[in-house]
Amino acid sequence: MIVNDIRPLLAPMISILCAVLIFWRGGNAFLRRSFSISAAIVKWVVVFSMLQGSLAGKIYVTELIPFVPGISFLLRVDGLGMFFGMVSSTLWIITTVYAIGYMEGEHARKRFFAFFALCVSTTVGIAFAGNLFTLFVFYEMLTVCTYPLVIHEETPEAMRAGRKYLVYTLTGGSLILFSTALTFYLADTVTFAEPGILSISNGVGLLAAMFAMFMLGFGVKAAIMPLHGWLPSAMVAPTPVSALLHAVAVVKAGVFGITRIIYNIFGVSTLKDMALEGMDVASVLMWAALITIICASLMALMQDGLKKRLAYSTVSQLSYIVLGVSLLTPDGALGGIVHIANQAFMKITMFFVAGAIYKKTHKKNISEMHGIGHKMPLTMATFTIASLGMMGLPPTAGFISKWYLCLGALDAGKMVVVVILLLSSFLNAAYFLPIVYRAYFMKPQDGNLKTDEAHWTLLVPCVICALYVIALGLFADLPFVPLALARGAVTGFFGL
Amino acid sequence: MAEFAHHCPVLMVITFLAGAVLTPIVSKSKKKFSFWWAFFVSLLALLFSSCAVWSLYTKGPISYWLGGWEPPYGIEIYFDYISSITFLMTVLGALIILYSKKYIEHDIKEEKLPVYYTLVLLLLCGMVGFSITGDMFNLYVFLEILSLSGYALIAITEEKLTAMASFKYLVMGAVSSMCVLAGVALLYNVTGTLNMSDMALRLQQFEPIATSYMALCLFVVGFCVKAAMFPVHVWLPDAHALAPSPVSALLSGLVIKVGIVGLLRVIYGIYRLGGAIDFTTVTNFMGWLAAITVLVGAFFAFFQDDIKMIFAYSSISNIGYIIMGISLISFTQPERGYLGMVGGLIHIFNHAIIKSTLFLCAGAIIYKTGFRKLSDLRGIGKKMPITCGALTIAALSIAGIPPTAGFICKWFIVLGAIEFGRGIWAAALLIGAIFVFAYYIKIVNAIFFREPAEPILEVDEAPLSMLIPIVILAISCLVFGVFAYLPLAVIKPAAATILGLPPTYIPPGG
Amino acid sequence: MKKGLVVFALFLLWILLVYTVIVLPPMGSPENPTNTHIIPRYLEKGVEEGGAHNLVTGIILNYRGFDTMGEVTVIFVALTCVLAVLGRENILRHTSKAEVSSVEKSVIVKCVVRFLAPFIILFAFYIILHGAESPGGGFQGGAILGASVIIITLTFGFALVAKKLSLKYRVLFESAGPLSFFIAGMVAIFCGQNFLTYLLPCVAHTYQDFVRHLLLIMVEIGIGVGGGAAISSIFLAMEKVEKE
Amino acid sequence: MSVSELFYKLNVNFNYVVAMTLFIIGLYTLISKPNLIKKFMGLNIMETSIFLFIVSSGAIAGGKAPIFGEGVGPETVFVNPIPQALILTGIVVAMSTTALALSLMIKLYEQCGTLNADKLKELK
Amino acid sequence: MLRSLDVILLVFLLVTAVGVVRTKDLLGASIIFSAYSFTMAIVWQQLSAPDLALTEAAVGAGVTTVLFLITISRTVRREDE
């Protein structure tokens, strides 16, 4: 059921308005904070108000002016869009609170918060984009808006990281533009549809090439190896940015794009037809994801910087999602999509913790974090919960996604996936548990065991997220949690 | 009213002409008055041009017989869809004249002020005349008017090397004008007429002979030099970088587009309409060269330190976009070239706006600081936020980042190239665009994300007369990106008629 | 090596160009497209419609009047360009290069010029005004006018000419060409005709021809005076040097 | 095209051939001579060559100048007046370009002290 | 008779053009250029274009040459300078 509604447009607009207001009057700390927080909340309310309808199968659509002939500026909230929009707007509130605390005393805060808001705006735009063209518009805007955040420190290292980021993502963007044009040429439309708009009659070779270009393009942001190079470098950014980049906005935009391409542009049947014709592109993607999962985990093991290790962990975790959607089975897709939310909550917790530690103790490296669990018990407790989630232990959220991924792999008859998932769980344990061990079971260098938590604006978001991680694991089958939403999306994709 | 609209095209030319001629007279005693006069004249011309364009889109092309002589006998002004570029010219002209007020007073001696405004008005007169005339020889005359004033405007300051830059431009420009004249001569010999549409008719009546092909080649060479396409672009970087900034804006924004208009007039107005001569070999060749131009311009821009030099090289690259767009033409199936043509035409429009913004911003920065090297301008964004913000918007736009104006062009040209089966051109364009973004981000980095250096600590925002044009142009970069249907409403019928399709043509797929 | 390459390329271009021109219909044949298409009407009605016995003058003022307006504009542009590059001369500051050089001017030259100059100027005006009947016309006369100013400057010195042709008037003269077209054209527009129409129906029938001649002569004089003044000013601007 | 036909064509269109040869001579001067003044003489030669071409194309064997005066009968043949009208404009344009170029050269010489293109390139 | 005069004039035109190119002395070259223009004027008279002949004689041979001479007197005299 399609409903014309202004709310899909309203959601990104609120953040843009917020950015404009911050540019205008952001010099004043109070105004800046009130703008940021109230915009986050208002937007959440707007998105939330569509949740009920979306679960009931409604699709909210805002069709604006025709952008170019044949393609209009279309915002459309379907199951998948609602899912991603809900995740990002929820996390924006939390990250905003955290950022206000974290950025205390930093330079250029006006710029920071304005671009922060713009990033979220574009992310919601990506979530609600109703056609490939709109998606691309927001996708490129996201690239540009994150740049000032990445180079916020303005150090040579940050500049280098920013440059790397732009080169990777813009090259990817060009590939996407090229294949978007090809899609429009072949299908005369780029509007997302279920099940897909391309059919096998367009020529298998061409389709495979397009698929490759799309995957390379979105794969840059989804950090599929070997396109991941920008992500660890971009860790020079302030922690709320890393959290936003690696949990919500940028990387998830990449995997979201991949999901859209697979299910709404190509469609399951076309991809399966292609596999029959000898062009099994989905499997190629799956193998790429599998390799990424293992390699990134191994690389994470070798990192000493906490944020660097988290970054490689992100690379690995993102490929879970890619893996899930490339299995082309309902359960696999469900596991992948729901992992978008689960991984977001888990990873954002970890980044928050890393930031809190840095803010409090100015320690960046794991080797310096002896006994940090004694100083900041609550913070480290949240970290531990998130680590367990990463390993996929019940009752955390991570378990849910891994469970469905395994089911999907079995459906598809690919045992190797199950094996690698298990292996990956071990690797996750291997690189997260030593941190926990070091924090709790080793004495601090200075011998001081006094509790000294970070400021509440830093602590509260960590705790909320950690609680969420557990809650998502425990109550996974309630109607309002991500799993239910993801199920709605998957139903559409597979025509169930 | 209809009667008045009928006169408007010629009135535009006349206004600029009379305005220019009267400038030295009205400002004989008070040199600074020349600005107000020129501004007034440009506004008047803007009025006429908007009236003419309005009439064009409500009632169709205006055919105006000068002296009342019917076309093949007398000179005809044919105000068609291509001519709607005059609106852009008059708008930009007015804005740039407004901008010139402070800049030029600072840059040249007071006694030369009237000369400057005279030349600017003459340049506009030449461009407007060039775009509206329907007679080949008249085209040549206006080409000369605009070229000559262009050369002189570069050398108007006392700065070193300007004379050399201007001379280089002059030599290549003179050769190109001569090629155009030779083309006119050969075509006159073949057809016995000078009126464009009559030429097209007469081309059909005779056996195609080598002379017609040669004329086409000469035209293409001539206009490509004017448009600064690789490999005849060598004059452009120096000329556009060393000219006073408002002049650079005019030259980069409009004057090189005149070459494109010339190409459109000749290839599509005469040869395609004539239909007897297959010109696709030439357009194909142009397209390949354009693909190289895109890359060459982008590549060289990357190694410049002088901001105006960067913009100048990026103009070359963008001319490549435009020529690529308009070369996507099939002789037998005109509708296949439609999207590319739309892309090319809309890039004429958008690039004019974007590049003017960039040059005007650079000018404002140079006006305030006296520096033009990127390495000297670190952190200027913190001192001149509005100017540098506008510069950033324009930079994003020229790199084709959505939702700015530049993206629309990129989309259409890429789509056009793909539909035409020229994926490589599209690839060249996209690679070029990445390069473009790489060097614009270099600028943005330097001006925003660095601490201000010592010499620019005292700098403040540019004066209002400079900010108004800058802000208007920067906003239009955004507006025409989001509301792309505004320029498209004008450009789609233009593209369709150029290709010989009905003005209301809608491509398959909407 | 490089030179050889250039010569070779030019040789190829030459062959190409010669080929393209010799395939044209034979020169001088009355059947050529150039000689059959538009010309008959000009030869038939040109004199009557254009109001000049010299068809060339008739064409440049009537059928191709807009071109001629462009042409006089080009001279004006050239002048403005030269002024932009070199600047206007100033009697107080400048003198001519010829005067600075030590070459003594011979008496014969002075005498001849003194004697001939008035006739040259007279001849120039004759050509301007008689262009409708015999070879000549505005621009030819203007060029001769300019040339006369040049020889007078070279013989009698910079100061004399710069003073006699003082800037106060010269600025007006220079713009005479485009302005006369402007006036003639605007008169036509106000009479409801197209720009540059000389035969105005709003004038009483008996005077129409007279008004047309008046306008044509005004334009001719404008072209002549404008061209002459522009050439003189270009010359003066280029010839000037700073006084010691 | 046979040899005799070629010679016939070369003969009847001799003016055109001369014009094109002049064009090439001018272009050669423009390209290969380092001196700017010389370059411009070459450019002027190119321009006049095109003028010659256009005017020749309007000629008619035995045609008279297109002036209607005494001694003109109904059977008098006139040459084509349009090329003449065009070239009148062309000559003016050529002169204007030359004037601007030469004044630029004067300024260039004042600024750089040479008019040799090779030396100017080194100066930069 | 007239045809051969035409041919002679055209050949002379070519000769003067080559002369302009070959002369190293710019002053000499401009004088030859003047001769070239005059020849051109005569060619045009031969082609029944008296208006052009008049203009070319005044502008090409007169004014343009004078402008060349001024420039040479103010800049360089030899081609290689």
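Biologist: Which residues of strand β1 of chain B sit on the covered face, and which on the uncovered one?

Modeller: Ile62(B) and Tyr64(B) are on the covered face of β1, residues 62–65 of chain B. Ser63(B) and Trp65(B) make up the uncovered face. Strands here are DSSP E runs of at least two residues, helices are H or I runs of at least four, and both are numbered from the N terminus. This is a predicted model: local features need pLDDT of at least 70, side-chain atom pairs count only at pLDDT 80 or more, and totals for chains, interfaces and linings use all residues. Residues are numbered from 1 along each chain as its sequence is written, while chains are lettered from A and ligands numbered from 1 in the order in which they are written.

Biologist: What does β1(B) pair with, and in which sense?

Modeller: With strand β2 of chain B, residues 76–79, in the antiparallel sense over 4 bridges. Two strands pair if DSSP finds at least two bridges between them.

Biologist: And what stands opposite Trp65(B)?

Modeller: Glu76(B), in β2(B).

Biologist: Switching to interfaces. Which pair of chains has the most contacts?

Modeller: Chains B and C, among the 6 pairs of chains that touch. A contact means two C-beta atoms, placed from the backbone, within 7 Å. Chain B puts in 50 residues and chain C 41 residues.

Biologist: Which element of chain B gives the most there?

Modeller: α5(B), with 10 residues. On that side of chain B, 34 residues are nonpolar, 12 polar and 4 charged. Nonpolar covers Ala, Val, Leu, Ile, Met, Phe, Trp, Tyr, Cys and Pro; charged covers Asp, Glu, Lys and Arg; the others, Gly among them, are polar.

Biologist: How many residues do chains C and E bring to their contact?

Modeller: 16 residues from chain C and 13 residues from chain E. On the chain C side, α8 (138–156) and α12 (205–239) each supply at least two residues. α8(C) has the largest share, 7 residues. That side of chain C divides into 10 nonpolar, 4 polar and 2 charged.

Biologist: How far apart are the chains in the pairs A and D, and B and E?

Modeller: Chains A and D have no contact, and their closest C-alpha atoms lie 33 Å apart. Chains B and E do not touch either; their nearest C-alpha atoms are 15 Å apart.

Biologist: Tell me about chain D. How many helices and strands?

Modeller: 5 helices and 0 strands. Its C-alpha atoms fill a box of roughly 65 × 45 × 15 Å along the principal axes.

Biologist: What is the radius of gyration of chain D?

Modeller: 20 Å, whereas a compact globule of 124 residues would be near 14 Å. The radius is taken over C-alpha atoms, and the globule rule is 2.2 Å times the number of residues to the power 0.38.

Biologist: Where is Ser96(D)? Is it buried or exposed?

Modeller: Ser96(D) is in helix α4 of chain D, residues 81–112. Ser96(D) counts as buried because it has 26 C-beta neighbours inside 10 Å. The cut-offs are 20 or more other C-beta atoms within 10 Å for buried, 12 or fewer for exposed, and partly exposed in between, with C-beta atoms placed from the backbone.

Biologist: What does Ser96(D) touch?

Modeller: Leu148(B), Val74(C), Ile75(C), Val77(C) and Ala78(C), leaving out residues up to four places away in sequence.
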